[in-house]
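Subject: A structure for you to explore

Hi there,

Here is the structure I promised to pass on. Please open it beside this email, and read my notes with the model in view.

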Amino acid sequence: MANSSSPQMTSALRASILENPLRTYLLGIIISICGNVVISISLNIQKYAHVRQSQRGSKPYYTSVMWWCGVVLMGVGELGNFAAYGFAPASLIAPLGCVSVIASAVISVIFLKETMRPSDMIGGTLAITGTYLLVTFAPHTFTPITAHLVQYNAFSWHFLLYLFIEVIIFCILLYLYKRRNMKHIVIVMLLVALLASLTVISVKAVSGMITESIKGQLQLIYPIFYVMLVVMIASCAFQIKFLNEAMKMFDATEVVPINFVFFTASAIVAGIVFYQEFEDLALLNIFMFLFGCLLSFLGVFLIARNRPKIKQQDRNFIAMDRIPGRRHTDKVQPEAKTTTYGSLAAKLMCNRAGDTDDS
């Protein structure tokens, strides 16, 4: 009886192993989509808190309980995205960020009573179609992310060459941006994208090693885990710094689509170079995957384009064009902007959702 049950257990174990990669892949997709939906909900909650506080004009927005609830939800959503990198390819998780833009547009129309434009419907359709193509034709293979694999890939010649080229380009762009004072949006967003590629590599490494540790194969004892953790924190910090500067210098309708395109492209390249995610992938799958990325890019562009900004005047000051004796041709001085965590979260709201005018 023991002999008869042994083959059944073996076959069941083999079936479980064969099904496990697909289950893991689908789990990563579901976690990423749910995380992006939660992020879109959090952004609309924060936006509603901003609008309500500006109408009341009593206390700063960061004193609102609702605003902090939105911040907590954003953290939960980002944690979901972080976990998704441990289950699915980075080249798939990054483009799924368009789900947040689509969900935010729908939520803002239903709950914030914003106007649904024809470009929103067309953009949403394109983005949903692109997401379907991404999920269908993305690499379905799953490789457990272990410390040995990360260390081996980190010292491979193709990644070292990629890292060398990226550092050279980053230094050139930083020189143009800081020394030559070239404040072009493409330069700033390229700096963000180059940092984002390191962020994607390190986030997937850290998330994957934590996942394997939870499964029973402890990976946290290896130094490469902490190296990747430091790279993840540092690259995220500088990425937010440059993104914040971009949001101060340019309109969100410009930053949203460009950042999404550059970030997704850098994540896909990083996944191909470091994790060889497109290895043994059919040419048709590669073409359809890239076509899905293109549709997602166009969808996000249409949703974010021509979004009017929320105009909030400080009630403690009189507008320059209202002062008696002032000519209307005088230029109004730009409003001072801070780089606190609260203002950064508000700017990232625009970066995720392309906010519309609530007035």
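A word on terms before we start: helices (H or I, at least four residues) and strands (E, at least two) are DSSP runs, numbered from the N terminus. You are looking at a predicted model, in which local features need pLDDT of at least 70 and side-chain atom pairs count only at pLDDT 80 or more, while totals for chains, interfaces and linings use all residues. Residues are numbered from 1 along each chain as its sequence is written, and side-chain values use heavy atoms, with hydrogens and water left out.

**The whole chain**

The chain has twelve helices and zero strands. Its 359 residues include 45% that count as buried; buried means under 20% relative accessible area, exposed over 50%, and partly exposed in between (1.4 Å probe, protein chains only). The accessible surface comes to about 19600 Å², and carbon and sulfur atoms hold 69% of that. Such areas come from the Shrake-Rupley method with a 1.4 Å probe, and for residues only the protein chains shown count as cover. A contact means heavy atoms within 4.5 Å. Among contacts with a separation of 6 or more, 84% are between residues 24 or more positions apart.

The predictor's confidence in each residue is its pLDDT, from 0 to 100. The chain averages 79, and 78% of the residues score at least 70. Confidence is highest in helix 7, at a mean of 95, and lowest in helix 12 (residues 341–353), at 44. Over residues 310–324 the pLDDT is below 50, and this stretch has 16 contacts in the model beyond near neighbours in sequence. Residues 326–359 also stay under 50, with 66 contacts beyond four places in sequence. Where pLDDT is low, the predicted coordinates should not be read in detail.

Ile165 sits in helix 7 (residues 157–178) and is partly exposed because its relative accessibility is 44%. Ile165 also belongs to a nonpolar surface patch of about 740 Å², together with Trp157, Leu161, Phe164, Ile168, Ile169 and Ile172. Patches are made of residues with over 30% relative accessible area and no salt bridge, where like charges are joined within 9 Å and nonpolar side chains (Val, Leu, Ile, Met, Phe, Trp, Tyr) within 5 Å. A salt bridge is a side-chain nitrogen of Lys or Arg within 4 Å of a carboxyl oxygen of Asp or Glu.

Lys183 is in the loop between helix 7 and helix 8. Which residues does Lys183 touch, not counting those up to four places away in sequence? They are Tyr177, Met249 and Phe250. The Lys183 side chain also reaches the backbone oxygen of Tyr177 at 3.4 Å. That is a polar contact: a pair of N or O atoms within 3.5 Å; within protein, one must be able to donate a hydrogen and the other to accept it, and residues adjacent in sequence count only if both atoms are side-chain atoms.

**Two buried residues**

Ser202, in helix 8 (residues 185–215), counts as buried because its relative accessibility is 0%. Its side chain reaches the backbone oxygen of Leu198 at 2.8 Å and that of Thr199 at 3.0 Å. Asp120 lies in helix 5 (residues 118–137) and is buried at 6% relative accessibility. A polar contact of 3.0 Å joins the side chains of Asp120 and Arg117.

Enjoy exploring!
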